[in-house]
Amino acid sequence: MRIMRLHEYGEPAVLHLDETPPPVPGAGELLLRTEAIGVTLPAVRQARGDGDRAPLPRGLGGEVAGTVLAVGSQVTDYQVGDRVTAVAFADAYADLVTVPTATASPIPEHADSAQAVALVRSGHVALAALATADPRPDESVLITGAASGVGHLALRLAKIRGIGRVVAAVGSAAKTTFVRDLGADEAVVYDDVDWGEPVDVVLDAVGGDLLPRALAGLRPGGRLIYFNSGGGTVPAHTLLAGSTTITGMTIRRFATTHPDLYQRHDELLWQLHATGRLRPSIHAELPLTDAAAALRIIEARTNLGKVVLRP
Ligand SMILES: NC(=O)c1ccc[n+]([C@@H]2O[C@H](COP(=O)([O-])OP(=O)(O)OC[C@H]3O[C@@H](n4cnc5c(N)ncnc54)[C@H](OP(=O)(O)O)[C@@H]3O)[C@@H](O)[C@H]2O)c1
């Protein structure tokens, strides 16, 4: 099979096209022929060697949509020929991948694979972040990274949920029209001195140096949902004066702690898609062999929505 792998850590250009034997699905796994692969910020960080430095050559993790070619033992929910989206924690940038069924969701007939991977994978994260904050319609929500694959869907889903004031925070002025067109009531750029009135909820898709600023944008009693891969540090005492809270959220854990809600979110995403109320923006679709270029788009922070590879 064809797979894009790292042969050294560094810039995304260090991804190479390799031919390797196809993987064999283990217990509880599916073998998929990929039709679309979602490119994410964590993959850029993996390529740079931030965090874990697994032995080389190695593949990157990612989100995939494809058709089931084989099922491992103990798989009862899926069969050969089904189309699913799922998460491949390693070796995702390939035309064949194995995925755990625990991450898999069926794709409705005729749905496009790029739409499926963008809608379901990023949509689940956006919905889980919103569910964790559980804002009332009369509360306000600020979303950082609001033009990202997850962020732009969180913005749409907050408006669909009836939130009266949704503030989209983005890294550059070039993104403000995009987020306003999606329904943001206000758009701010991180460098702006004034982010407007404080908010009840921050959904933080960025973290890092922006975390203290995002926290400072909360009203007393406000809550920040931290679901990014950007790190960041806040002195604990900054939570005292306003009794603000920070809650971490990963979709991996959310899916296991809230299985029924996760299932309902799956259905909700496709319902909203079918009625045209939620359509992920696909910023770019590139061939698998252009994976380095796809990662560079994310690294340059220019994407408006999702970046997808087509094997
Ligand atoms: N908790 C979970 O389970 C979970 C699951 C999936 C994704 N996530 C997180 O959600 C966030 C958004 O992910 P995504 O896949 O939607 O992003 P994406 O589509 O890959 O978009 C990347 C965007 O993130 C922003 N960004 C912030 N810091 C950056 C950096 N150091 N380098 C490059 N871009 C940076 C940039 O927008 P601006 O310049 O406008 O900020 C960039 O355009 C990430 O932090 C990711 O780790 C969490």
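**Domains, ligand shell and local backbone**

In this predicted model, the centres of domain 1 and domain 2, taken over C-alpha atoms, are separated by 27 Å.

Q: What makes a residue part of the contact between domain 1 and domain 2, and how many residues does each supply?
A: Two residues are in contact if their C-beta atoms lie within 7 Å. The contact takes 11 residues from domain 1 and nine residues from domain 2. On the side of domain 1 that touches domain 2, helix 1 provides the largest share, three residues. That side divides into three nonpolar, five polar and three charged residues.

Q: What are the bounds of domain 1 and domain 2?
A: The domain assignment gives 2-107 + 281-310 for domain 1 and 122-252 for domain 2.

Q: How do you know that the shell around the ligand draws on domain 1 and domain 2?
A: At least three residues of the shell come from each of these domains. In total, 28 residues surround the ligand, and the closest are S148, G149, G171, N228 and S229.

Q: Which helix gives the most to the shell around the ligand?
A: Helix 3 does, with three residues. Helix 1 (41-48), helix 2 (113-133), helix 3 (149-160) and helix 8 (291-299) each supply at least two. By class, the shell residues divide into 12 nonpolar, 12 polar and four charged.

Q: Why is D91 called buried?
A: The criterion is 20 or more other C-beta atoms within 10 Å. D91 has 20 C-beta neighbours inside 10 Å and therefore counts as buried. D91 is in the loop between strand 5 (83-88) and strand 6 (96-100), and its phi, near 55°, is positive in a residue other than glycine.

Q: Why is H110 called exposed?
A: Exposed requires 12 or fewer such neighbours. H110 has 6 other C-beta atoms within 10 Å, so H110 is exposed. H110 lies in the loop between strand 7 (105-106) and helix 2; phi of H110 is about 75°, positive although the residue is not a glycine.

Q: Why is E11 called partly exposed?
A: The term covers counts between the limits for exposed, 12 or fewer, and buried, 20 or more. E11 has 14 other C-beta atoms within 10 Å and is therefore partly exposed. E11 sits in the loop between strand 1 (2-6) and strand 2 (15-19). The C-alpha atoms of E11 and V44 are separated by 8.5 Å, with the two residues 33 apart along the chain.

Definitions and conventions
Residues numbered from 1 in each chain as written. Predicted model: local features only at pLDDT ≥ 70, side-chain atom pairs only at ≥ 80, totals over all residues. Near = placed C-beta within 6 Å. Helix = DSSP H or I, 4+ residues; strand = E, 2+ residues; numbered from the N terminus. Nonpolar A, V, L, I, M, F, W, Y, C, P; charged D, E, K, R; others polar. Domains from an automatic or database assignment.
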